[in-house]
Amino acid sequence: MEYRVFGKTGVKASIIGMGTYYDPGWIVLSRLGIRPNYERRLKALRVGMEGGINFIDTAEIYGSEPLVGEAIRGF
């Protein structure tokens, strides 16, 4: 994996990132505590991180923060 320094921080970010926007249905259902295909999405994030990705794009509206939190636990 290639990395680039993020601005003037000295932090190296992978040049490939992973997004956590899935679809409007996920957003609505996640607000209700229903997360379709949660395990599959969790595995995908972990496979990406095992491959060296350390840049995960998320936004509060996606409702994916708990998923990302679980995925990065232990890395």
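Biologist: Happy to look. How many helices and strands does the protein chain have?
Modeller: Keep in mind that this is a predicted model. Going by its secondary structure, the protein chain comes to three helices and four strands.

Biologist: And in what order do the elements run from the N terminus on?
Modeller: The helices and strands are DSSP runs, numbered from the N terminus. Read that way, the protein chain goes β-β-β-α-α-β-α.

Biologist: What does the C-alpha trace span along its principal axes?
Modeller: Let's take surface and burial along with that. The protein chain exposes about 5100 Å², with carbon and sulfur atoms supplying 59% of it, and buried residues make up 28% of its 75 residues. As for the span of the C-alpha trace, that comes to about 40 × 20 × 20 Å.

Biologist: Among contacts between residues at least 6 apart in sequence, what share joins residues at least 24 apart?
Modeller: Contact here means heavy atoms within 4.5 Å. For the protein chain, the share of those contacts that reach at least 24 residues along the sequence is 62%.

Biologist: What does M49 touch, not counting residues up to four places away in sequence?
Modeller: Leaving out its sequence neighbours up to four places away, M49 is in contact with I56, A71, I72 and F75.

Biologist: Now α1. Why do its buried residues count as lying on the same side?
Modeller: The buried residues of α1 are W26, I27 and S30. They sit on the same side of α1 because the arc they cover around the axis is only 100°.

Biologist: Which residues are exposed on the other side of α1?
Modeller: The buried residues of α1 have cover that includes α2 and α3. Across the helix, on the other side of α1, the exposed ones are P24 and V28.

Biologist: Where is P36, and what does it touch beyond four places in sequence?
Modeller: P36 is in the loop between α1 and α2, and it is partly exposed, with a relative accessible area of 28%. Its C-alpha atom is 8.8 Å from that of G25, eleven residues apart along the chain. Beyond four places in sequence, P36 touches W26, L29 and R41.

Biologist: What is phi of N37?
Modeller: N37 also has its place in the loop between α1 and α2. N37 has a relative accessible area of 43%, so it is partly exposed. Its phi is positive although the residue is not glycine, with a value near 55°.

Biologist: Last one, on the surface. How much accessible area does the nonpolar patch with I16 have together?
Modeller: I16 lies in the loop between β2 (12-14) and β3 (18-19). Because its relative accessibility is 46%, I16 counts as partly exposed. With M1, Y3 and I15 it forms a nonpolar patch on the surface, and together the accessible area is about 360 Å².

Terms used: Residues are numbered from 1 along each chain as its sequence is written. This is a predicted model: local features need pLDDT of at least 70, side-chain atom pairs count only at pLDDT 80 or more; totals for chains, interfaces and linings use all residues. Side-chain values use heavy atoms; hydrogens and water are left out. Patches are made of residues with over 30% relative accessible area and no salt bridge: like charges are joined within 9 Å, nonpolar side chains (Val, Leu, Ile, Met, Phe, Trp, Tyr) within 5 Å. Accessible areas come from the Shrake-Rupley method with a 1.4 Å probe; for residues, only the protein chains shown count as cover. A salt bridge is a side-chain nitrogen of Lys or Arg within 4 Å of a carboxyl oxygen of Asp or Glu. Helices (H or I, at least four residues) and strands (E, at least two) are DSSP runs, numbered from the N terminus. Buried means under 20% relative accessible area, exposed over 50%, partly exposed in between (1.4 Å probe, protein chains only). The arc is that of the directions from the helix axis to the C-beta atoms.
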